[in-house]
Protein chains: 6
Amino acid sequence: MTTAEIHPDVEATAEAIASMEIRGAATIAGAAADALHTQATQSTATTTDDFRQEMHAAAKRLHETRPTAVSLPNCLRYIVGRIEGDTVDALRRSTITAATEFSTQLETAQEDLGAVGANRLRDGDTVMTHCHSTDALSCIKAAHARGIELSAIVKETRPRKQGHITAAELRELGIPVTLIVDGAAGRYLDETDHVLVGADSIAADGAVINKIGTRSLAVTARERDTPIVVAAQTVKLDPATLSGHTVEIEYRDESEVISEDERAEIGDIAVRNPAFDVTPPRYVDAIVTERGQFPPESIVTLMRELFGEQTATPWEGE
Amino acid sequence: MTTAEIHPDVEATAEAIASMEIRGAATIAGAAADALHTQATQSTATTTDDFRQEMHAAAKRLHETRPTAVSLPNCLRYIVGRIEGDTVDALRRSTITAATEFSTQLETAQEDLGAVGANRLRDGDTVMTHCHSTDALSCIKAAHARGIELSAIVKETRPRKQGHITAAELRELGIPVTLIVDGAAGRYLDETDHVLVGADSIAADGAVINKIGTRSLAVTARERDTPIVVAAQTVKLDPATLSGHTVEIEYRDESEVISEDERAEIGDIAVRNPAFDVTPPRYVDAIVTERGQFPPESIVTLMRELFGEQTATPWEGE
Amino acid sequence: MTTAEIHPDVEATAEAIASMEIRGAATIAGAAADALHTQATQSTATTTDDFRQEMHAAAKRLHETRPTAVSLPNCLRYIVGRIEGDTVDALRRSTITAATEFSTQLETAQEDLGAVGANRLRDGDTVMTHCHSTDALSCIKAAHARGIELSAIVKETRPRKQGHITAAELRELGIPVTLIVDGAAGRYLDETDHVLVGADSIAADGAVINKIGTRSLAVTARERDTPIVVAAQTVKLDPATLSGHTVEIEYRDESEVISEDERAEIGDIAVRNPAFDVTPPRYVDAIVTERGQFPPESIVTLMRELFGEQTATPWEGE
Amino acid sequence: MTTAEIHPDVEATAEAIASMEIRGAATIAGAAADALHTQATQSTATTTDDFRQEMHAAAKRLHETRPTAVSLPNCLRYIVGRIEGDTVDALRRSTITAATEFSTQLETAQEDLGAVGANRLRDGDTVMTHCHSTDALSCIKAAHARGIELSAIVKETRPRKQGHITAAELRELGIPVTLIVDGAAGRYLDETDHVLVGADSIAADGAVINKIGTRSLAVTARERDTPIVVAAQTVKLDPATLSGHTVEIEYRDESEVISEDERAEIGDIAVRNPAFDVTPPRYVDAIVTERGQFPPESIVTLMRELFGEQTATPWEGE
Amino acid sequence: MTTAEIHPDVEATAEAIASMEIRGAATIAGAAADALHTQATQSTATTTDDFRQEMHAAAKRLHETRPTAVSLPNCLRYIVGRIEGDTVDALRRSTITAATEFSTQLETAQEDLGAVGANRLRDGDTVMTHCHSTDALSCIKAAHARGIELSAIVKETRPRKQGHITAAELRELGIPVTLIVDGAAGRYLDETDHVLVGADSIAADGAVINKIGTRSLAVTARERDTPIVVAAQTVKLDPATLSGHTVEIEYRDESEVISEDERAEIGDIAVRNPAFDVTPPRYVDAIVTERGQFPPESIVTLMRELFGEQTATPWEGE
Amino acid sequence: MTTAEIHPDVEATAEAIASMEIRGAATIAGAAADALHTQATQSTATTTDDFRQEMHAAAKRLHETRPTAVSLPNCLRYIVGRIEGDTVDALRRSTITAATEFSTQLETAQEDLGAVGANRLRDGDTVMTHCHSTDALSCIKAAHARGIELSAIVKETRPRKQGHITAAELRELGIPVTLIVDGAAGRYLDETDHVLVGADSIAADGAVINKIGTRSLAVTARERDTPIVVAAQTVKLDPATLSGHTVEIEYRDESEVISEDERAEIGDIAVRNPAFDVTPPRYVDAIVTERGQFPPESIVTLMRELFGEQTATPWEGE
């Protein structure tokens, strides 16, 4: 298999992903889909075995560039899992169809998701946000575009205060915004109709991996019976978790938490800065995707439908 | 009664409290106790009625300087409630005894409380703190002084990041400190043996009023079955709540939450900055005071013992 | 002891209570206090033993008229428990003092309680009520009298729809009322700031015995984190429960649940109509009495203070 | 498409549904299936495009008669989503097959569902019911028919007391019935083995929309660990909720809650009479349908299988 | 159908299962698959009807040997549900394919499941076990084989102390084991990262039927937020529960609980020895199977995929 | 003080306690009370200071024999805390009174407690027991003696199976007993009306220290809303916990958990055998003592009343 020809465009895409020239969950997935499309179109394979080997080699090459980027394997699984046919031509056609399908859906996914999420919102509702999520904002924007009047309580979301970005975007739309520190969320939940957050990734056991602080927010929201909705395109579903893999939480630089001056004054302490935490499905009311809304306990069904049930990745094992 | 003579020293103390020259829960209470001591010592009253009127007038004068400062009424109630006797002399003696008793206890209260709290800590334990509380620190320091090895996870506590003060003080003692943002508390609770916080005040229904974020921390800690302990001298017990009064939450300036530059960039949004929140007793495992530890549901008994059961304040109604 | 003289007025009161000519918790307690006062005043006993025997005989006679009426034993225990002295005169004086004290407090208890409960209410609050409780209404009335603007959601409270009485009384005050069926309470809890109910009696383990439906309301309110407050004069505290006795729940006539016509149409079914249910303390935030507010877990302390700790009733065992 | 011919029988059915001549979830769905069957059989379309346009037009016409009736869109989605083929004939055949399939399943759905629900019941069990649900009763009847001895605790279900209908039907079967007011449910849950209710509709996020009072019952049942089972034919699954739509709760006339006489006596108050409430999936143990039982969190999978995953309705968008 | 020829080998297998010569969930399922394979291979049927009748008769014969063994019906349903084709040959081929598929998967199921479960474990983790489950151990072994360092807390699991077997097997691998009595589990959950148990069977409503004591362990683990994972091959999924059937719990001999000597000393008491209990899905974090991990609320989807949605068993009803 | 004369009888008692000749909570407390009685009676002190020194020395000597035996300090605190007067005679008399009071109460404590606990039980109730507690049995016996018909579900309580003793004693009374393994408790809680256990000691924060397995039982009972009652004489209240001290849990020999033969077969594993666990007050409904019943959150009030509020032990600090 190692001799299978990888098209130079695929190689170029792989390098661009590896060097982080291409970045962002959706952008990476789109580039990978294009690359497989190219590989299929340009393939000179003459046997079905050769064609498959080429596609698998391309998928593998792309995958190894960023093995932990969740959108990459699910793009690859989506396309490779749909390659079928008895002739090279049939294989090629099915590959192209799958790659095109994936790209088309990806293009409108955020807007489609926004339309679904907006259906949960009603005139006069107040939404609480955590961090900055374009998927979550897409729901608010869609509702706003329909003339639904909303207001927002925006948690600043330490350490990087991405809540400020959310606040600025909502303000631009003319949505009334109240900014609070993270610790004040509990106090404002009784004025909140929906907690609406995004996701870094979603696991097969229904757990939501999202910006640090999400879990506490969800636990506290459940205690007050305020619904918590996670907005996440299906590129955020992590197919590796179908086979039990857990998500490695990234630790970021301590300078995000404490400035050099503050540090100098305090002296020798440790600073820990985990980027994400894990919210179990029992604290989430619904996951809103471009393919509709799901209880978190059911998202595994959508994952299997989109990415296959194989516990092994489909381009391995030959 | 209005003609009752208030001693100039009492008047001076009242003015100093009103102008916030005298500030801080314990300092205010100590000054008020001294003032009543002086009033009793210097009183020239010749009838028991006159003496009582003088003491009540002095108490009233002191009380009206800062009607919401919790330590003030409980000092006054403690002393006025213990004035008893059939002669001016007996009244004076009982007043002086009560004022001295109160002052003496106040002086060692934090240390006594620390000794009680330290008894809950064991070698190798990790304590999570919120905000900066000298009562809470007193427990850690007492344990540390006994040679108990502790480590601390310190929440920075936005907006004012008083966690940095806590971190610096613990570091000075040589206690290993890990600083985290508030949202990361949930992630570190499984490495935490005790959540230990102070209190701004404690209500008769067992609720703990403390720095914003305490309630979320307590809810999340309970979800993981990590005990939450509140360290609070009895001057923090709010006798007004015996008669159902609730605590008015102070809102602080928005500049604590967002800088002018940040604000300019975002534009026209509201910022809310409540200083405290209210944690119901069901999320607190114990309140540690200088008179021992109590389940929060029992603190009302201590309040009644110290400050009387009267729903009306004892210096009113004449 | 059986020869101890019971005063004819005491006998008359006993008969009036037994025949239910005298009824209602507060009225019964007041009559019993008056009777003991009379017995003490009129006693011709010449030894302290004789005096005590007379008082015990009078208490016993009164108690046996309605052994399950909760206010009766607590009146008797309050007074008999305070009889003390070394001479007949001293015994008489202490009895009269206790009886007078009890009566005086009883007279203003509902108003005093209302003042305490009103302290929990704030401008703009919405209160949900269950059944008809003059103690609960006293809190709303006191707040209303202070100019606090409230609105009320009134559960009709099947089977007897006492909510209609509550609705009419609140309407008379000019408080906006929304009437709902009992099953709709959950739907309206998110618009409710306080659930405020009365009590038939309160047990030493902190349980609240109140109109059927209270427990479900409390469980549902807790699920939404809406505070539930029980307004109950101390005559509702059941001293028999100090020694572990549980409260026997009364079953009322099925005609309250179903009319004869409805019954005829349905045919042979059983109908059960328990008057009360038992709410455990963990679902109650505070009990408001004329002596201040208490967490339900602490009410035992007030019971012991008022009625003594003896597990046996004080007029027995001679 | 607007020129597509709608068959007169379809038009007649549409009018009968609109005028509520045809009513009831199952009856409406059956009539709509028959109408599409007729449209397909009688179509004179000569191109596949024309045939599809006709079917979509017919579906659209039927749908707009009662846009909020949940059984209508799921019937239409079921059939239109199964139209497939490359020739008019193939399209017609697939349409007829789907319409027939739908009708056949509908006919036996309640009985099939009853057989599934009965499998959960055992000799000697006591079932608590809320409101009157023929789906829920079908389970009890099926169990009864198998000789399983059951007894029932029937909540009267204010305001319309449909519990009386349930009581009468169960009595007719010879099942011992105990009628209680709604507030007494908590008291009788410890004698209950299953809470068994129907549904007005079921949402994709697993929420159960049912007669007001269901949510409180479910919350209380969960607190006592009594399983709560919802019996609902698949025509109750609301496909609009797949795309995030929430269910609009109907408010009914206040005369159901309070008679004119009662009203006159009380005076000017508001009365609110919501017909339904929403029970989140975490308080439901199983949903019993004619296609088997499901945890509420999985019902979305059945919805997608039956009615398609499209967030847009399949007869739109041309 | 009664005249349909059952192959002598099928008959022999049936007898061996009935006599418990063949026993164990996987062994029974494997033997049944082989039997159906033989029946299909050796069938002399000349019409498709005859072939189907033969296969159904064989399935029925096998099923009736141990109607409560969960792996038997799911094997039979898997294969019979996949018989399809228009000719005897096609039917035969599809049968053989399904039987082979089933057998192949069965063979590696435990190892595949182990690989999935191992993905949840990390270096330094402590696992708590209950009873002895080869599926659960397969996860630990797989992790151990990858060099992940684990330690185990092993509950002895009265009455039969199968924990001793678990302890011995883990010890053999060199994994540090701490043995505790069942009542001590709560005490050791704060040192536990995963509770990992097997299952006797799993129901469509997500309930896990497993060795007595599992439910208490799961409830207690949830209270401390320790994840509980159930390892179960898909042969443990009970297809009868799709149609609402509940699992009959076996009661075992009292001699397992109490020896004759102990019994003689105590005298005439009852002893109850249920073998299993039922853990609701809300206390389980994930079910690990050879086809990946699932939230328990989603396992119904896998059951329907593998065994069909029919509420009736596929070999009945002819 | 060191020169203060300790009476030889006190010394003898101290030695007997130290050598465990005198053992058992009540027996130790009784012996200590007798010793202080003797010391007071026989004291030859001529000044009040000398008398106090003698009593303190005696208390200290007794205390140091078994510093962790909970009944010892509470006996000593009870008596020493009640020594008062201005003359040696008065001191002596108050000491003797206190010692006699303590002894008298101790003598009937278990029976008094039984009478209180019995008041919670009703005809037909089923009680579940854990371990063997004479305090818990005293409640059952008292109820039985009154003719209340009870039945019992007895957990065997590994490792020492003290449930067998409980079973034998109940059987002797003619109470129907069902013996189960510990893991089966959850399964039988739905047939249980009361969980009734004893206590090793009770802490000021309301926590109950009792035989390992109590906490799990309480958590599971709460999940099913079955009340859990702790029967404990006041000698079980641990006064050291008033000042925050926590209870050291004893670890017992591993031979209780595993026999030598079993051990030999398994090989090199660790065995942990903690004797007790700690149940937080939120899982306990009532503590039944000889002085009545208390919510666990209120027991601190009784502790302070009996043993004083001093955080330091009263015989120290001179």
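Mentor: Let's start with a cut-off: a salt bridge is a side-chain nitrogen of Lys or Arg within 4 Å of a carboxyl oxygen of Asp or Glu. Before we use it, note that this is a predicted model, where local features need pLDDT of at least 70 and side-chain atom pairs pLDDT 80 or more, while totals for chains, interfaces and linings use all residues. Residues count from 1 along each chain as written, chains are lettered from A and ligands numbered from 1 in the order written, and side-chain values use heavy atoms, with hydrogens and water left out.

Trainee: What makes D:Arg282 and A:Asp285 a salt bridge?

Mentor: Their closest N and O atoms are 3.7 Å apart. The limit is 4 Å, so the pair qualifies. Chains D and A have six salt bridges between them.

Trainee: How many residue pairs are in polar contact between chain D and chain A?

Mentor: Eleven, with both residues at pLDDT 80 or more. A polar contact is a pair of N or O atoms within 3.5 Å; within protein, one must be able to donate a hydrogen and the other to accept it, and residues adjacent in sequence count only if both atoms are side-chain atoms. On chain D's side, helix α11 (residues 299-307) gives the most, with three residues. Helices are DSSP runs of H or I with at least four residues, strands are E runs of at least two, and both are numbered from the N terminus.

Trainee: Which residues of chain D lose the most area to chain A?

Mentor: D:Asp205, D:Arg282 and D:Arg304, together 30% of what that side buries. Buried area is the accessible area (1.4 Å probe) that two parts lose on being put together, summed over both. For chains D and A that comes to about 1,600 Å², with carbon and sulfur atoms giving 39%.

Trainee: And what is the buried area between chain D and chain C?

Mentor: About 3,500 Å², and carbon and sulfur atoms give 56%. D:Leu179, D:Glu223 and D:Ile266 lose the most on chain D's side, together 15% of what it buries. In contact terms (heavy atoms within 4.5 Å), 41 residues of chain D meet 41 of chain C.

Trainee: How do you know that D:Glu262 and C:Lys161 form a salt bridge?

Mentor: Check the closest N and O atoms: they're 3.2 Å apart. That's within the 4 Å limit, so it counts. The total between chains D and C is six salt bridges, alongside 20 residue pairs in polar contact. The largest share of chain D's side, five residues, comes from α9(D).

Trainee: Why are β8 of chain C and β3(D) called paired?

Mentor: Two strands pair if DSSP finds at least two bridges between them. Here there are two, in the parallel sense, so the pair passes. C:Ala270 stands opposite D:Thr178 in β3(D).

Trainee: What makes β8 of chain E and β11 of chain F edge strands?

Mentor: Look at the open sheet of eight strands, β8(E)-β3(F)-β2(F)-β1(F)-β4(F)-β7(F)-β10(F)-β11(F), with mixed pairing. Those two each pair on one side only. Further in, β1(F) and β4(F) pair in the parallel sense over three bridges, with F:Val195 as the bridge partner of F:Met128.

Trainee: Last one: why is helix α4 of chain A called largely enclosed?

Mentor: Ten of its ten residues (71-80) are buried, so the rest of the structure largely encloses α4(A). Buried means under 20% relative accessible area (1.4 Å probe, protein chains only), exposed over 50%, partly exposed in between. A:Leu72, A:Arg77 and A:Tyr78 are among the buried ones. The cover includes α1, α2, α3, α5 and α11 of chain A.
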